[in-house]
Amino acid sequence: MDLPHEGCADVPGGKIVYRVAGAEESGTPLLVLHGGPGCTSDYLEPLAALGGRPVVFYDQLGCGDSDRPDDPSLWTLERAVDELAAVREALGLDRVHILGQSWGTMLAVEYMLTHRPDGVESLVLSAPCLSASRWAADGRRYLQALPDDHREAILRAEEAGSYDGPAYQEAMTAYYRRHVCRLDPWPDCLMKTFERLNTDIYLQMWGPSEFTITGSLGDFERAGRLHEIAVPTLFTCGEFDEATPETTAYYSHMMPGSEIAVFESASHEHHLEATGDYLAVVREFLARVESRTRVRS
């Protein structure tokens, strides 16, 4: 299909900015959903190298280069799902693969469960968060493995409800270095995303930290409904991921016929830590899905 290389699309609440890598390619487009909530698509830029198909990135409303309205009523799961549907319609993505990363997996799954869309050929759910309670429990187990001073700084901050102190920030950095991205230094694309994070959205929908969930997504539990999604699905995670291999395997078990890939020595940003292997796994999965689709048609 012939997609523009970039542009804007109207969505509920404003306009979003999208970019398309490989716009001239002939394969089924891949629509990429970034994490957060409140992040940007910058950190996912290595996915542009998948090749053979258009790869569509967009900054969700309030994020990155998209409109940034000052309206807290917009930061809901339901509106974000409607936004995804609007982006797909605006770009004419009748047939599409969807890849979600972190919060993007919540968005992808909720879209499949509530909109029951036609034309979605497959899902790639990377570093998935499909049960807030499991995510929090896994985070607490990781927290117990931190050095005593870091663990105690986090617990003191939570007890006081104050998260601005240097000891807390140092402890969170140590956590991120273990379970968010283990590269040193962090890639520029990831740094750009963190520098442009919309903290208002993150705080309202998630909370003050990765494992302190006080926002509206705190009751997100969809593992028990994954069997309702019938499209081919690939789960991916890192060995030290916040989305632990055990929990990711549980999600895969709850979706019969799905596949899972775990990347050794990697964490939440395993697409950055093991880029070549990650792209190869996703590329092969998409090609296999399309091969089966062609045979059926």
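Predicted model: local features only at pLDDT ≥ 70, side-chain atom pairs only at ≥ 80, totals over all residues.
**Exercise 1: Explore the largest pocket.** Work out how much space the largest pocket holds and which residues lie closest to its centre.

*Solution.* Start with the volume: the largest pocket has about 700 Å³ of space. H5 provides the largest share, with six residues. Finally, sort the lining by type, and you get 21 nonpolar, 11 polar and five charged residues.

**Exercise 2: Turn to the second largest pocket.** Find its volume and the make-up of its lining.

*Solution.* This pocket holds about 150 Å³ of space. Among the residues lining the second largest pocket are Arg-19, Asp-42, Phe-57 and Lys-192. By type, the lining splits into five nonpolar, one polar and five charged residues.

**Exercise 3: Check helix H3.** Compare its expected span with the distance between its ends, then find where its buried residues sit.

*Solution.* H3 covers residues 132–144, and at 1.5 Å a residue its 13 residues should span 18 Å; the end C-alpha atoms are 19 Å apart, which agrees. Next, pick out the buried residues: Ala-132, Trp-135, Asp-138, Gly-139, Tyr-142 and Leu-143. Looking down the axis of H3, these fall within an arc of 145°, so they line one face of the helix. What do the buried residues of H3 pack against? Their partners are H4 (148–160), H5 and H8 (245–254).

Technical notes:
Residues numbered from 1 in each chain as written. Heavy atoms only, no water. 1 Å grid on protein atoms, 1.4 Å probe; cavity = no way out; pocket = protein on both sides within 12 Å on 5 of 7 lines; lining within 4 Å. Points joined across faces, edges and corners; volume = space filled by probe spheres on them. Helix = DSSP H or I, 4+ residues; strand = E, 2+ residues; numbered from the N terminus. Nonpolar A, V, L, I, M, F, W, Y, C, P; charged D, E, K, R; others polar. Expected span 1.5 Å × (residues − 1). Buried < 20%, exposed > 50% of the residue type's maximum accessible area, 1.4 Å probe, protein only. Arc of directions from axis to C-beta. Contact = heavy atoms within 4.5 Å.
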